[in-house]
Amino acid sequence: GYNYQLAIRESHVQQDLAFFVPAMNEYYFNWPGNKGIKMGARLEGKLDDIRLDSLWMAGPDFFATQLRGQITGLPKMDSVYIDLPAFGFFAVPGQFFANLPDSLRPQGFEFPEYINLKAHATGSMKDFDAALDLRSDLGNFALTAQITEEGDREEVFEGEFYTESFDVGKLLQQTETLPEPLAFRLNINGNGLKPETMVLNATAEIDNLVYNNHAWDLIAFHATLNDSVASLQSNYKDSILAYQLDASYGAFQENPLLQTELNIKYVHLNALGVTEENLLVKTDLKADIIFDAEDFFNGNIQISNTAFASEGDIYNVPEIFVQAFATQSKYEIALRSQFADLDYRGNFSPALLGNVLNEHFAQYYTALEAAVVEEGEAAGEVADIPEPEELSGEQFFNISIRLMPNELITEVLLRSLGRSDTLDVMVSYDSSLQALHLEANWPEAEYENIELNALQVNATSNGGKMDFEVLLNR
């Protein structure tokens, strides 16, 4: 093949770059003291043997990068060999973002004053070695990765990513809740680079975590991937939280199966910063569901052994059982418990319920939109009113809800509810008739010392108008 040499002498790029990225002319080249970008390079060799003697680039006071090495075997990826003994990158993110306008500056972050990265990589797709070292004023990171062959096993890999001290609280501007740097370590090993056939083992550990004035013990997660099934295990116990998690998911299966068991022995929500009240909760969650229907699933979810304690009182929550059945044109979901029954039946997923109702009620503000458009045109303005999302085909559903008397409702959720009989609510909808109907019946209730007897509500929304009737005895 042909030999070539390419040399880019030290070059200086300024407003020329804005021809390709016009925004740079407004926000970058007008910075005080900006001198543009300097760069240079030297390459030689053949198409299948590229030698990069140097490639460097530097910006005005906030970044510089340098690379050298050799790449052979192109263009066939299975024969490519890379030898990049030196890659360097230095940046001053704080100074860079400080010169951006507020509209372009990421919010909620405090960026490092400096980043200094060094890396190298050597090998082929079957025998590869790489390392990376990143240092900053917020903390340091290190990464190592290797791919080798062991006997008849190809693409055997292992890697490690860790930081001994990283100031997450400063990065997220949450130093009050995250006052101390934490340590993180991830170890992986396995074989195969195709996700569908990969065998993977991974362990992640978080240490030295202080959150909301609580010093956490070592938090560990173990994950595997085998036969397209990903699994995750974790358990933890200290003074505010104790849990055990065992979950699996068919990540690359046509119809993924999710199986989960989560046992929370106790969790102090106030200590976690979730609630202001002193609330202690325990629960068990089991899920066995398969995602073989569009926007929905088939299977069971069970929540049991749930209780919480507050201000010396203990409340037990009845078991909740959810069962779902779905095809391409039939969706059913049922929730059963001692305090509530809920049933949904329709020809579309409950996940689309909001879109269906929005489309139905859109007819109510058609006249309002017309008035807004007319007013805008009179003033010489064009009103920008988004069109509601249109759904294909006809939609129908039936929902029935029954709330039974239970201490969870009267003592926790609605403490102002002195006593209550069973509340029944039924909602039905048929898009072909543009009809939405609601019925509610509450035989007896006492709310904030107001007695209600025989409350009945009937409402029908049809063709842009609503008829309703409310009957109440006191």
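Reader: Asn-212: how does its relative accessible area class it?
Author: Asn-212 counts as partly exposed, because its relative accessible area is 25%. Buried means under 20%, exposed over 50%, and partly exposed in between, with a 1.4 Å probe and protein chains only.

Reader: What am I looking at, and how is it numbered?
Author: This is a predicted model, where local features need pLDDT of at least 70, side-chain atom pairs count only at pLDDT 80 or more, and totals for chains, interfaces and linings use all residues. Residues are numbered from 1 along each chain as its sequence is written, and side-chain values use heavy atoms, with hydrogens and water left out.

Reader: Where does Asn-212 lie?
Author: In the loop between strand S12 (210-211) and strand S13 (214-215). Helices (H or I, at least four residues) and strands (E, at least two) are DSSP runs, numbered from the N terminus. Phi of Asn-212 is near 55°, a positive value in a residue other than glycine.

Reader: What about phi of Gln-173?
Author: Phi of Gln-173 is near 55°, positive in a residue other than glycine. Gln-173 sits in the loop between helix H3 (168-171) and strand S10 (182-191). With a relative accessible area of 49%, Gln-173 is partly exposed.

Reader: Switching topic. Is Phe-62 buried or exposed?
Author: Phe-62 counts as buried, because its relative accessibility is 10%. Its place is in the loop between strand S3 (49-58) and strand S4 (63-72).

Reader: How far apart are Phe-62 and Val-92?
Author: 4.7 Å in space, C-alpha to C-alpha, and 30 residues in sequence.

Reader: Which residues touch the most other members in the largest nonpolar core?
Author: Trp-216, Leu-241, Phe-308 and Phe-339, out of 40 residues. The largest share of this core comes from S16, with 4 residues. A nonpolar core is a set of buried Ala, Val, Leu, Ile, Met, Phe, Trp, Tyr and Cys residues joined through side-chain atoms within 4.5 Å.

Reader: And the second core, how many residues?
Author: 14, in a separate core that includes Phe-297, Ala-324, Phe-348 and Tyr-429.

Reader: Now the surface. Which residues form the nonpolar patch?
Author: Phe-361, Tyr-364, Met-466, Phe-468 and Val-470, with about 480 Å² of accessible area together. Areas come from the Shrake-Rupley method with a 1.4 Å probe; for residues, only the protein chains shown count as cover. Like charges are joined within 9 Å, nonpolar side chains (Val, Leu, Ile, Met, Phe, Trp, Tyr) within 5 Å.

Reader: Which strand gives the most to it?
Author: Strand S29 (residues 465-473), with 3 residues. Phe-468 lies in strand S29 and counts as exposed, at 62% relative accessibility.

Terms used. Patches are made of residues with over 30% relative accessible area and no salt bridge: like charges are joined within 9 Å, nonpolar side chains (Val, Leu, Ile, Met, Phe, Trp, Tyr) within 5 Å. A salt bridge is a side-chain nitrogen of Lys or Arg within 4 Å of a carboxyl oxygen of Asp or Glu.
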